[in-house]
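Welcome to this short tour of a protein model with its DNA. Have the sequence and the 3D view open as you read.

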Protein chains: 2
Amino acid sequence: MQLSETVEWGLHACLALAMMPKGARLPARALAEYHGIKPSYFSKAMQKLVAAGIIQSVEGRSGGLAMAKPAEDVSLLQIVVALEDHKTFFRCTEIRRKGPCAAAPKHYRTPCNIARVMHKADAEWRRVLATTSLADLRQSAAAEPIPGVDKATQDWLAETGAVRGL
Amino acid sequence: MQLSETVEWGLHACLALAMMPKGARLPARALAEYHGIKPSYFSKAMQKLVAAGIIQSVEGRSGGLAMAKPAEDVSLLQIVVALEDHKTFFRCTEIRRKGPCAAAPKHYRTPCNIARVMHKADAEWRRVLATTSLADLRQSAAAEPIPGVDKATQDWLAETGAVRGL
DNA sequence: GACAGTCTACTCGGATAGACAGTGTCCGAGTGAGTACGG
DNA sequence: CCGTACTCACTCGGACACTGTCTATCCGAGTAGACTGTC
Ligand code: FES
Ligand code: FES
C-alpha cells in the first residue's frame with residue numbers, strides 16, 4: 001500500500017516541464033538538481049515517462065527532456081501508471097475457487113463481491129487522477145504562486161544555461 | 001502500487017467468520033485450510049486483525065477466532081488498513097521546499113497542489129471502502145449464493161469438527 | 001573573414017549492485033478437554 | 001457414581017530465514033557545440 005517515491009518526482013518534473021515555453025528542453029540532470037534529487041535514480045524515472053510517450057528525449061550534447069504532448073492531454077493518472085510497475089492495487093487470486101468447499105468453476109461466472117468493491121474503490125481512485133490534467137495543475141499553481149520562486153527559477157535557469165532548444 | 005496478498009485473505013476470512021453463528025469460533029488452521037491457504041503465513045495476518053480489535057482470539061486447546069464486533073460495525077477499510085503497514089498510498093516528501101529555487105519555509109503554509117489531488121484520490125478510495133460494511137457483503141453473498149457451496153461448507157464444518165464455543 | 005575537419009564535453013539509455021519490506025516457516029508458552037484415579 | 005488431579009493434544013503468539021521489488025549507482029553509445037587550422 002505504497003506508491004513509489006518516484007511518483008512525486010515525476011509529477012513535479014512534468015509540472016516543471018509543462019511550465020517551460022514550447023520547444024524548450026531541459027536535461028534530466030538539471031531537472032533533478034532543481035528539485036534537490038539525486039540525478040542517478042531520477043533519470044530512471046524519466047526513462048519510464050519517455051517509454052510511455054509522455055515526455056520526449058533528445059540525446060547528444062545539447063540534449064534534454066520536454067513534454068511530448070500538450071499539458072491538456074496529460075492526466076495525472078497517465079504519469080502515475082507510467083511510473084508504477086504494478087497497475088492495480090488489489091489483486092484477486094480467486095481464492096473463492098480454492099479449498100475443499102469450492103464449487104465447479106462453471107458456477108463462478110460473476111465476479112466475487114469482495115473483488116467488486118475493491119475494484120470499485122480502485123476505479124474511484126483513478127477517476128480523480130484521470131480527471132485532473134497537467135494543465136489544471138499548472139493553472140492552480142499560477143493562481144497561488146509561492147512568493148519569489150518564479151523569479152528565482154528564471155534566474156537559475158538563465159544562470160546555469162540549462163535551457164536548450166530555443 | 002500493490003496491496004499485500006493478505007488483504008484478500010483477511011477479507012474472505014472475516015466474511016466467513018461473519019457468517020458463523022454468534023459465539024462460534026474457528027481455529028486459524030481450519031480457516032486457512034478452508035480457503036486453501038498455507039496456514040503459517042495466514043496466521044500472521046490474523047494476528048494483525050486481532051491487534052486491531054476486529055477479531056478476537058481464544059487460546060488453548062479449543063481456542064479459535066471470532067468476530068469481535070457485529071458485522072455492521074466493521075468496514076472493509078478497517079480490515080485493509082489493519083493488514084497494511086503503510087497507511088497511505090501517496091507520500092509527499094515536500095519536494096517543493098528543496099532545491100536551489102525554494103522559498104523560505106514560511107511561504108509553504110498551504111499544501112502542495114499535487115499532494116492535494118493525490119490525497120483527494122486517496123480519500124475517495126477510502127470512502128468506497130469505508131461505506132461498505134461486512135454486513136453489506138454478507139447480504140450480497142446471501143442474495144447470490146454459489147450453488148452447493150453453502151451445503152458443502154456446513155458438511156465440512158461438521159465433518160472436521162472445527163467449530164468451537166457453541 | 002568564412003569554412004571544413006576534428007575534438008571534446010555533455011546527454012540519454014541500459015546494465016549492474018545494495019537495501020528494505022513482504023513472504024514463508026518454525027517453535028515455544030499457554031490452555032482446556034479428555035482421562036485415570038480415588039472416594 | 002461423582003469429584004479431583006493429571007496428562008496431553010491443540011491453540012495462538014512471536015522469533016527466525018528467504019525472496020522479490022524498490023532504490024541507488026555506474027559506465028558506454030551517441031550527438032552537437034566548440035575549437036583549430038586552412039583558404
Ligand atoms: S476471490 Fe478474490 S476477492 Fe473474492
Ligand atoms: S511537494 Fe510533495 S507533492 Fe508537491
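## A word on terms

A polar contact here is a pair of N or O atoms within 3.5 Å. One example is Ala28(A), which has a backbone N or O atom 2.9 Å from a phosphate oxygen of DNA strand C. Please keep in mind that this is a predicted model.

## Where the two chains meet

Let us begin with the protein–protein interface. Here 63 residues of chain A are in contact with 64 residues of chain B. About 5,700 Å² is buried between chain A and chain B, and carbon and sulfur atoms give 69% of that area. On the chain A side, the residues that lose the most area to chain B are Met1(A), Ile95(A) and Cys101(A), together 16% of what that side buries.

The rule also finds 16 residue pairs in polar contact across the interface of chain A and chain B. Several helices of chain A give two or more residues to the side that touches chain B, among them H1 (6–19), H2 (28–35) and H7 (149–160). The largest share comes from H5(A), with 14 residues. By class, this side of chain A divides into 33 nonpolar, 14 polar and 16 charged residues. As for salt bridges, there are two across the interface of chain A and chain B. Arg127(A) forms a salt bridge with Glu124(B), with the closest N and O atoms 3.7 Å apart.

## A buried arginine

Arg96(B) is worth a look of its own. You will find Arg96(B) in the loop between helix H4 (76–83) and helix H5 (113–130) of chain B. Its relative accessible area is 17%, so Arg96(B) counts as buried, the cut-off being under 20%.

What does the side chain of Arg96(B) make a polar contact with? The partner is the side chain of Glu94(B), at 3.0 Å. Leaving aside residues up to four places away in sequence, Arg96(B) touches His12(A), as well as Ala102(B), Tyr108(B), Thr110(B), Pro111(B) and Cys112(B).

## Around DNA strand C

Now to the DNA. Of the 24 residues around DNA strand C, those that come nearest are Ser57(A), Gly60(A), Arg91(A), Ser4(B) and Asp85(B). Gln47(A) has a side-chain N or O atom 3.0 Å from a base nitrogen of DNA strand C. Sugar or phosphate makes up 66% of the atoms of DNA strand C within 4 Å of the protein, and bases make up the rest.

H3, strand E1 (55–58) and strand E2 (64–67) of chain A, together with H3 of chain B, each supply at least two residues of the surface near DNA strand C. H3(B) gives the most, with three residues. That surface has six nonpolar, nine polar and nine charged residues.

## Around DNA strand D

DNA strand D is surrounded by 25 residues, and the closest are Ser4(A), Asp85(A), Ser57(B), Gly60(B) and Arg91(B). Of the atoms of DNA strand D that come within 4 Å of the protein, sugar and phosphate account for 69%. Polar side-chain atoms approach phosphate oxygens of DNA strand D at 2.5 Å for Ser4(A) and at 2.7 Å for Asp85(A). A polar backbone atom of Arg61(A) is 3.0 Å from a base oxygen of DNA strand D.

The largest share of the surface near DNA strand D comes from H3(A), with three residues.

Key:
Residues are numbered from 1 along each chain as its sequence is written. Chains are lettered from A and ligands numbered from 1 in the order in which they are written. This is a predicted model: local features need pLDDT of at least 70, side-chain atom pairs count only at pLDDT 80 or more; totals for chains, interfaces and linings use all residues. Side-chain values use heavy atoms; hydrogens and water are left out. Contact means heavy atoms within 4.5 Å. Buried area is the accessible area (1.4 Å probe) that two parts lose on being put together, summed over both. A salt bridge is a side-chain nitrogen of Lys or Arg within 4 Å of a carboxyl oxygen of Asp or Glu. A polar contact is a pair of N or O atoms within 3.5 Å; within protein, one must be able to donate a hydrogen and the other to accept it, and residues adjacent in sequence count only if both atoms are side-chain atoms. Helices (H or I, at least four residues) and strands (E, at least two) are DSSP runs, numbered from the N terminus. Ala, Val, Leu, Ile, Met, Phe, Trp, Tyr, Cys and Pro count as nonpolar, Asp, Glu, Lys and Arg as charged, and the others, Gly among them, as polar. A residue is near a molecule or strand if one of its heavy atoms lies within 4 Å of it. Buried means under 20% relative accessible area, exposed over 50%, partly exposed in between (1.4 Å probe, protein chains only).
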